[in-house]
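The two exercises below are to be worked through with the sequence and the coordinates at hand. Each task is followed by a solution in steps.

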Amino acid sequence: MQEDIGRIINELHLYEKKVLKSLESSKSITPEEVVNSQKLDIKSVMSASGSLASKEIIDVQKDVEEILSLSDDGENYAKEGLPERKLLNLLQQEGTVHMKDLGVKSGLNPSDVKIGVGWLVRKQWAKINQGEVNITDKGKEMADNLGEDEKLLAALMEKGQISLDILDHELQQGFKLLKSRKGLIDIDKNTSHTLILTEKGQEILNQGIVIQEEATQLTHKQLKSGEWKNLKYRGYDVKAEYPEFNPGKMHPLRRIIEEIRNVFINLGFNESKGPILESAFWNFDCLFQPQDHAAREMQDTFYIKNPSHSKLPDDILVSKVAQAHQNGGETGSEGWGYLWDKEVARQSVLRTHTTGVSARFLAENEPPLKMFSVGKVFRRETITYKHLPEFHQVEGIVAGDEVNFRNLLGILKEFYKKLGFEVRFRPAYFPYTYLSTECEIYLPEKESWIELGGAGMFRPEVLEPLGIDTPVAAFGLGIERLAMIRLGIKDIRMLYKSDIGWLRKLPITQGVDV
Ligand code: DAH
């Protein structure tokens, strides 16, 4: 508790301290008194009091006082007398007056006559019998006495304003009567507050608080001169409640993509991009995928109707690729041994992987080089909790005389480590690489490994036509599955669903920061 009090004191705002200090001599005080004694404005006192109250250091008692005064109509009645009083005076003289003569004889207008007769009867000052208005005994008695309501009218006329709280019983009755007549009395509400020290507040005062100016904003000068070291700072309550708010933020999938880009940029890779609408040539042929390869079949690849065909690169490259497929050309290989068809290579496809970006880059750049590319790829897949017909890959190549398969594994290990994952490698097959491997990362919760992408050393059948004579390590890795693991989601569709509730609840930063 003692420690607690120390922490509370440390977190008190200067104004809160001043309000508390004012409660040292008397246990209860008005905010106005604090304004005077501490030279604070009322707003600051009220907000400091509110904050002290929320910490149960003081109670803020709210009193609402009702102040009565006369309206214009009320003032008229106070001066002239109530209509029933005028009628009573008339009846006092004449005993009985017929209803139809009341107006003329009293000098009241018809509406006041109506009001006056109503109240005569209600106050039992008169009785009406077949149109005759007769004074009662009570009426006779009241002829020389003021009623409770008339007394209040007179008092208000004299004083101008009276607080409802101080009315005696008689005037309170008068107030009830007048209030029921509507429009005669104005009621103003006067709210006042009293600040009362609680036990906790007393404990804090017992411990003692020091009023000292606090630094709220540091100036350049204070920082430069070292003055900041001697300033007093208020402690922050890091556990204080805060209002929930939903700032705009990057989509979690986008965040991971940015994180991945950052990893490769930090590893010294250049970023490249390629078209989503690609020719079969770049997507398949120049990667030494034979034209009857299963991946080209309709169930895997989206072929485009319009434009149905794409332009091929220069003839030399095209004929070298054709040679590589047909008989190996100058690659030292026997090739696939079939007749390569230019028209098949011209077909337009939605790229099925980003490996074509690597091939394009190699056609235009000289090793040594390090390139990566992030982008969407498309495959004809049935949508399930773990499959989508479009998803992202990160593709990369490292080319140079000294580059080997071990380097490739090292890069992949490093990449996954930076994202917080452990990777292992399994032998694999791709038409464009030798050696080839598949990367798997470990899921501790499931105690299992999942496959995330492929990698390998590009074959001579790929490199020779592109004019590359150094080894090239290459990799292509899926991103959505990483995102699923990172975000702890079981259904890949969540990433594309725009579920605003889920998105809002996700922390702004997750895992390794961008
Ligand atoms: N393109 C392959 C896929 O989509 C992945 C891949 C494997 C990319 C080996 C490469 C590589 O660059 O060398 O599954």
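**Exercise 1.** Determine which polar side-chain atoms approach the ligand, and how the ligand is enclosed.

*Solution.* A polar side-chain atom of histidine 353 lies 2.9 Å from a nitrogen atom of the ligand, where a polar contact is a pair of N or O atoms within 3.5 Å. The model is predicted, so that local features need pLDDT of at least 70 and side-chain atom pairs count only at pLDDT 80 or more, whereas totals for chains, interfaces and linings use all residues. Residues are numbered from 1 along each chain as its sequence is written, and side-chain values use heavy atoms, with hydrogens and water left out.

Next, threonine 355 also places a polar side-chain atom 2.9 Å from a ligand nitrogen atom, while an N or O atom in the side chain of glutamine 393 is 2.9 Å from an oxygen atom of the ligand. Taken alone, the ligand exposes 350 Å², of which the protein buries 92% (Shrake-Rupley method, 1.4 Å probe).

Finally, the shell around the ligand divides into 5 nonpolar, 7 polar and 2 charged residues, and strands E12 (390-399), E15 (448-458) and E16 (472-478) each supply at least two of its residues (strands are DSSP runs of E, at least two residues, numbered from the N terminus).

**Exercise 2.** Work out the strand order of the open sheet of 4 strands.

*Solution.* The order is E1-E7-E2-E6, with antiparallel pairing; two strands pair if DSSP finds at least two bridges between them. Strands E1 (28-29) and E6 (161-163) stand at the edges, each with a single partner strand, so one side of each lacks a neighbour in the sheet. E1 is joined to strand E7 (residues 185-197) by 2 bridges, and serine 28 stands opposite isoleucine 196 in E7.

Methods:
Polar contact = N/O pair within 3.5 Å; in protein donor to acceptor, adjacent residues only side chain to side chain. Nonpolar A, V, L, I, M, F, W, Y, C, P; charged D, E, K, R; others polar.
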